[in-house]
Amino acid sequence: PASNDVVTEVDGRTLSLSNLDKVLFPDGTTKAEVISYYLGIADVMLPHLRGRCLTRLRFPNGTDQASFYEKNAPNGTPDWVHTAEVVAADSVLRYVVADNAATLVWLANLAALELHTPQWRLDDAPAGEPVGFDGEAAVLASSLVIDLDPGPGVVASQIATAAMLSANHLAEAGLVPFVKTTGSK
């Protein structure tokens, strides 16, 4: 590790954390604080991520600088990080799957500040094969997303009202609604 890296252990996994004093948010929130936050909410966050491939939005130089989406596990991904292969149009992608707190800390160290999941879980895919979307072995959705992005002239209270109405309709249909917030809107 570099001289300013910190080596720590999470869930029995050794991680080398770098640039902990790097500011990632305009309010001064540092990478160390994001890592601490991810670790602090791991018990709440992991049930929503477990068994789902992650597309990450990374902000290596902070949220006020360029970001990029990442689907494939990056070079240097530790062997202990769970990955899953998914058949894309003309290739096979190797996604990261966050099954434990150590993986969340590793992702935070990469400045992966948005973690996007598909509506299906790996549990529904055939074991030992890349995940596919065609034929009898195709994975099926296990969740429904109602995307309530504000548009021109729409205020936050209107979005909140739409969310409550949607939640009531879902509950009446016997479904259990959860709020998930992402993105900049």
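Mentor: Let us begin with Tyr95, which is found in strand S6 (residues 92-97). Strands here are DSSP runs of E with at least two residues, helices are runs of H or I with at least four, and both are numbered from the N terminus. The model is a predicted one, in which local features need pLDDT of at least 70 and side-chain atom pairs count only at pLDDT 80 or more, while totals for chains, interfaces and linings use all residues. Residues are numbered from 1 along each chain as its sequence is written, and side-chain values use heavy atoms, with hydrogens and water left out.

Trainee: Is Tyr95 buried or exposed, and what makes it so?

Mentor: Buried means under 20% relative accessible area, exposed means over 50%, and partly exposed lies in between (1.4 Å probe, protein chains only). Tyr95 has a relative accessible area of 11%, so it is buried.

Trainee: Which residues is Tyr95 in contact with, leaving aside neighbours within four places in sequence?

Mentor: Contact means heavy atoms within 4.5 Å. By that rule the partners of Tyr95 are Cys53, Leu54, Thr55, Lys71, His82, Thr83, Ala84 and Val86.

Trainee: How far apart in space are Tyr95 and Ala156, and how far are Gly40 and Ala101?

Mentor: Tyr95 and Ala156 are 61 residues apart in sequence and 34 Å apart in space, C-alpha to C-alpha. Gly40 and Ala101 are also separated by 61 residues, but their C-alpha atoms are 9.1 Å apart. Gly40 lies in helix H1, and its relative accessibility of 66% is the reason it counts as exposed.

Trainee: Why are H1 and H3 called roughly antiparallel?

Mentor: Two packed helices are described by the angle between their axes and the distance between the axes. The axes are lines fitted to C-alpha atoms, for helices over the stretch in contact, and angles run from 0 to 180 degrees between N-to-C directions. Angles under 35 degrees count as roughly parallel, over 145 as roughly antiparallel, 65 to 115 as roughly perpendicular and the rest as oblique. H1 (residues 31-40) and H3 (residues 101-109) pack at about 160 degrees, with their axes 9 Å apart. The two helices are therefore roughly antiparallel.

Trainee: What makes the pairing of Glu70 with Arg56 a salt bridge?

Mentor: A salt bridge is a side-chain nitrogen of Lys or Arg within 4 Å of a carboxyl oxygen of Asp or Glu. The closest N and O atoms of Glu70 and Arg56 are 3.0 Å apart, and the pair meets the rule. Glu70 lies in strand S4 (residues 68-70) and Arg56 in strand S3 (residues 53-58), so the bridge ties together parts that are 14 residues apart in sequence. Glu70 is buried at 13% relative accessible area, and Arg56 counts as buried at 1%.

Trainee: How many salt bridges are there, and which residues do they join into a network?

Mentor: The count comes to 2 salt bridges. Shared partners join Arg56, Arg58 and Glu70 into one network.

Trainee: Why is Asn19 called partly exposed, whereas Ala111 is called buried?

Mentor: Asn19 has a relative accessible area of 31% and is therefore partly exposed, whereas Ala111, with 2%, is buried. Asn19 is in the loop between strand S2 (13-17) and H1, and its phi is near 50 degrees, a positive value in a residue other than glycine. Ala111 lies in the loop between H3 and strand S7 (112-116), and its phi is positive too, about 60 degrees.

Trainee: How many helices and strands does the protein have?

Mentor: There are 4 helices and 7 strands. Buried residues make up 35% of the 185 residues.
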